[in-house]
Amino acid sequence: MTTQHRGAVVDVSDASRILECSQVDRQRSFQCIVRRYISQILYGCTSTFCTTPTCLSCNKRLVSKPFRPPTQLTARALAFYLASQDNPYCRLCPHDLNVDPDTLEIEGADGLYIHDEDDRDGPTYSVNPQASSLQAMARGNTSVGHSWTGNAAEAKRIVDAIEDRRQSRKDPKSLGQNLYDSITMIFAYSKQIPKPSAVFSSLSLSKSPERLPSGTSSSAVPVPVTDNKRAPSPNRTSFTDRTSAQATSSPVNDGRLSEPTSPQSCNRPARRSSKTSPSAITTELSSNGQCVHKIQHIPSSYANNPPSQKSSTSHLNGTFDGTLDGAFADKVKMGATPHPNMTRKKTSVSLPKTSAGNISNPTDVVRDEQPSTISLYSDLTSEILDHLKDQVVHDRRDQSRDFNFVVDFDANRRFRPAKSFVNRSLYYTLSDPETLLKSFRDQNSPDYMYSPLPHLDAHRLSHAFRDWGQRNGALIFDSLYEAVEALFRPPPEFDTQKSPRLKPSRKDALSSRNATPRTTPGRYLSDSEAAHIIMICVHALTSSIPVGWPHTWVQVRKLRGWGVVVPGAAPKTAQNDNYAHPWLEIMDELEYEPAVRLATRLLQAIGTRRCYEHVLANMHAQDDHMVQREFAYIGVERLLPILLGHLTQVEKAALQRRGKTKSTQSADEDPGWTVTATFLEWLRTIIVKQWDGNVEINKWSSIGTAVTLMTHLHANMKSLNLRPAMFHIPYFDEEIDSIQTPIDFVKHKERPNSFHILQHPIFFAQDALVGYFRAINFNRMFKQFRKTTQITNFQSRWDQLMNDPRHWNVAENRLEVALAEYLVLDVSRRDPLEETLDQLWGQEKRKLMKPLKVRIGILEGEVGLDQGGVTYEFFRLILNEAFKPDNGMFTVDPQTGMTWFQPASLEPHWKFEMIGVLFSLAVYNGITLPVTFPHALYDYFLNQEHNSESIHAVDYIADGWPALAKSFREFLAYPGEVADVFMRDYTFSFSAFGQNIDVDMQAFRDCEWPDRGPDTDRVSPTPSASPIPDLSDSSWWQPRNAGSEPSTVTNKDREQYIKDYVNWLTFRSVAPQLAAFTRGFHTCLHPTSLSFFTPETLRSLVEGSSQNISADLIRQHSVQYEPPYSPTHTTISDFWAVVDTYSQEELKRLLEFVTANERIPITGYESIKFEIIRAGGDTERLPTSSTCFRKLWLPEYGGREKLREKLGVAIRNSEGFGIV
């Protein structure tokens, strides 16, 4: 320890804050639960009406045939399983048991052994001998190390008692018998574990100044009473031999449980008198200048019970000798009531004696006047945590083999080189929330000055927490697990808002003579404090994952998304040896059980805090008599914005550091290891590991919280340096029913405490979402078709009963829509748009829901049967006609080809609605349209409540109006006064029918546009019956009562000017047309099915892919051949040689010639498959195609140039259907 770290060292006198004491406490709690389960399973309880399924009394009473009692092996296996569950108390019998669980103890298997040698760092400890040590000692092998201080006779007696509890093996290959009938498992619940207070006293007495890390002052450390170094003799003396005040004799239990036995009393030898009061407090000034108050420690069992008093059995609500143990203490702190019958007999630990049977040395007795303290770090910083990494044991032989308080989940990680002082300091600081809140408050870095948590330096924390798994295993994760419990504390408002139904029971409980109020669970942490603890846990989890390489992370994310734990090992070659190992390293850390347990608990805590926030918001809304929509909480989330704000600054600082190293990263490249990206991988891990296949997920559970967090991360994806593919979990799509689940989702009703998995489409790839969307549409289409079939069958039966044909004619007219199997549109090429609108006008919605069939140019002599290809041609024809600028409905950008609505259009609104119906029909029938609309249209389709303040104005129009967006960026970036140089008025400019109109946006901010007179005062433009003014009227420029000219844009209002301009461009100037078009678009589509899509994916669904067409990808994924054609055939080789030379325009024509669609659908090249078929030998005929069946008839031409010529003529003259 360096000099600058001395001030962080304090003397700790609280046993519960010491690592070893906490571990012993947990062992005692688990052992108590196992014993109680074994007792109730084997012997039952005293109640005649017991209903506990795991109790023998209940099983005897409820059976209808002869009952076979469980064996000890069955009871042992079931007890260990139940005790290891998340809530081990729920299946305990609440009644008094026939056999006291403490009678399962074996006398002599006890003791606390402290080892302190020159070549080891300070005292380490071992609780009880290992079963292997006992067996070896019983066989006479004395070279078993220092795990047992008794003699061979005592060891043999204990082993014999264990053997008596084993049953004769019937199946040597049985896993259950080999595991739960082993000496180790029996000894685990039969041994006597000392109290945490005994461990604390022994550790504090074993500590000496020279055992502290170098540089630590010993003025605050008590001088040990005796030299506690072990003698080299085989008969070593444990600390318990030196404490005569704690020496007792336990009841003898030979291990035979054939008959119920009553608890036996425990006689304790007289304790030496002490002149010091047990409550005496001393004050001492430590070397770091802190005033340390030391409380003299006397175990409560000796302070409360006279030496001659016999211990008696009493109900202590899950405590041991009046002290809270492990999980019971946690439940009391949480305000939960422990199981009422978790009792333990007040026995003390039997202590081994010397060969003479007496206490070894009277001078080794604990002095009551000597306070017990252990020196530890009071808090941590990144610098201290980095420094502690050097406090390690450098050789496995230097580490005690009884160093058993670290849980090893991997047999290959047995050597944990961290020293005892390091481990205790980490546990002391990381397991307590108040201490953790004081830790890691480094000097504020300028990189995080805008973060909600500016004191947390993410860069330093990531390095500080890295590589600790190799030093002390799961200690950091287990310690933080305990600190996270503070996040479950309810807010104080809950204490004053209890349900009235709970008050009587609570009152009766407190009025009982022996009942005591619950202990205070601790203060409710503020949102910033909770975020501090959460981010510490996030850094611990993310730093445990190897950094790897970006291309390695790409493969890992793909594998983990499918739920793969270990990838299939490819044959080792020189090319893949370097890449297999990083995969396994990353996956191993993501599967490390203590880290997974911490991540799960952390998500549960975040979910609980969010639940508290929603409940409080609901309570406040009721108190203030606020009217809110059901389940709608505005401004409820307080914790998540803090976390997202800090993570945003973390990623911003990381990108700045990467820029300083001249490391570039493309927008589509995987970011590799980052704090947020790795945290996202932890969220995916928890979801995949814990999801049970149910599409309804609890909103506040660990899975629900992970889903919510990922949704918020996705919403801030750009600022967090994430990619859309990183959120995909194909495991969901693999497990759910791709047909029935989306159909059921349409009927899903919103619930306050759960959500449907399909409400979060970020987890699914585009092709999966399109499949769900089309499954919903097909189901609705099939329902209409089925109704038609039913009515047709009814018609055939009615014909036999209907005598008067006039009556049937009336009924047939009424049933015309119901009897129609398809929606048939018959149009000509001369005026397709007008004819289509005439046929669609007035149609019932149920008629539009039927499958679409189109006939084009029948009267002109065309021969075309609609099997899909004619429909594509139909939509191409009518939309080309509708989007002509001469019609006055739409405008087309000459540079980008982007289509948008014409402001101040004179066309009636119903025409826009009918064009929207055509869009709806196309999407409903799975047709990709040859149109190009900007992102703003699809954003309005999904979010009709337009909010101009919530969008980033320039980016919002970048795809539709790139030149305008570029000029706006230059306008914002100009350093001087824009009014002097640009001289722009605060107006929105557009052209309509040859006239240029400049609208005063500030003047029309609170009134209707255009101003139609004093009788109208609508703010939002809507379709109105009042006539539209002529374009030459001044009401288009300014309101009629405006008396001033538009103002000039200045630096002060230029940002607001751009927001207003974009709002007028994308909404205000075309609001009536946009609203009518949107109504038509939603005609055939269920609103729930549209929730699968974002504006970008909905655009891809309607328009197809906007990327360039690749001839190579078409050749690889889209083409099949009918023999004799094959990929190596000469004609096919010539065909692709010609296609490879085509431009993008020619590739579009080829694709349209074969498939009737020039766009690549959203589902990719795999969905546009077509077949090339031989159409005879060398000929002068042109190639032909069947767009409905995706077939290209290609003659076997004599040469490549001839093929080029004929194919070019065919694709340039492909309009119409018939025989060529």
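# Reading a predicted protein chain

The protein chain exposes about 57,500 Å², and carbon and sulfur atoms supply 51% of it. Accessible areas come from the Shrake-Rupley method with a 1.4 Å probe; for residues, only the protein chains shown count as cover.

Me: What kind of model is this, and how are residues numbered?

Reply: This is a predicted model: local features need pLDDT of at least 70, side-chain atom pairs count only at pLDDT 80 or more, and totals for chains, interfaces and linings use all residues. Residues are numbered from 1 along each chain as its sequence is written, and side-chain values use heavy atoms, with hydrogens and water left out.

Me: How many helices and strands are in the protein chain?

Reply: Start with the terms. Helices (H or I, at least four residues) and strands (E, at least two) are DSSP runs, numbered from the N terminus. The protein chain has 45 helices and 20 strands.

Me: What percentage of the residues count as buried?

Reply: Buried means under 20% relative accessible area, exposed means over 50%, and partly exposed lies in between (1.4 Å probe, protein chains only). Of the 1220 residues of the protein chain, 51% count as buried.

Me: Which share of the contacts joins residues 24 or more positions apart?

Reply: Contact means heavy atoms within 4.5 Å. Take the contacts in the protein chain with a separation of 6 or more. Residues 24 or more positions apart account for 76% of them.

Me: How do I read a helix pair? At what angle do H1 and H3 pack?

Reply: Axes are lines fitted to C-alpha atoms, for helices over the stretch in contact, and angles run from 0 to 180 degrees between N-to-C directions. Helix H1 (residues 19-42) and helix H3 (residues 72-83) pack at about 140 degrees, with their axes 8 Å apart. Angles under 35 degrees count as roughly parallel, over 145 as roughly antiparallel, 65 to 115 as roughly perpendicular and the rest as oblique. H1 and H3 are therefore oblique to each other.

Me: Is the crossing of H1 and H3 left-handed or right-handed?

Reply: A crossing is left-handed if the near helix is turned anticlockwise from the far one by less than a right angle, and right-handed if clockwise. The crossing of H1 and H3 is right-handed. H1 brings residues including Phe30, Ile33 and Tyr37 to the contact, and H3 brings others, among them Ala75, Leu78 and Phe80. The contact residues divide into 13 nonpolar, 1 polar and 1 charged. Here Ala, Val, Leu, Ile, Met, Phe, Trp, Tyr, Cys and Pro count as nonpolar, Asp, Glu, Lys and Arg as charged, and the others, Gly among them, as polar.

Me: Now another pair. How do H19 and H23 cross?

Reply: The axes of helix H19 (residues 550-561) and H23 come within 10 Å and cross at roughly 20 degrees. They are therefore roughly parallel to each other. H19 passes H23 in a left-handed crossing. Trp553, Arg557, Arg560 and Gly561 make the contact from H19, and residues including Glu681 and Arg684 make it from H23. This contact divides into 3 nonpolar, 3 polar and 4 charged residues.

Me: Where is Thr676, and what does Thr676 touch?

Reply: Thr676 is in helix H23 (residues 675-690). Thr676 is buried, with a relative accessible area of 0%. Leaving out residues up to four places away in sequence, Thr676 touches Leu647, Glu651, Leu713, Leu720 and Leu722.

Me: Why is helix H34 largely enclosed by the rest of the structure?

Reply: Count its buried residues. H34 (residues 935-942) is largely enclosed because 7 of its 8 residues are buried. Among them are His935, Tyr938 and Phe941. The buried residues of H34 pack against strand S14 (899-901) and several helices, including H35 (953-956) and H38 (1054-1066).

Me: Which residues have a positive phi without being glycine?

Reply: Phe440 is one of them, with phi of about 60 degrees. Phe440 sits in the loop between helix H13 (433-438) and helix H14 (458-464), and is buried at 0% relative accessible area. Asn721 also has a positive phi, near 60 degrees. Asn721 lies in the loop between helix H24 (702-715) and helix H25 (730-735).

Me: Where is the cis peptide bond?

Reply: Look at the bond from Pro1123 to Pro1124, with omega near 15 degrees. Pro1124 is in the loop between strand S17 (1119-1121) and helix H43 (1130-1139).
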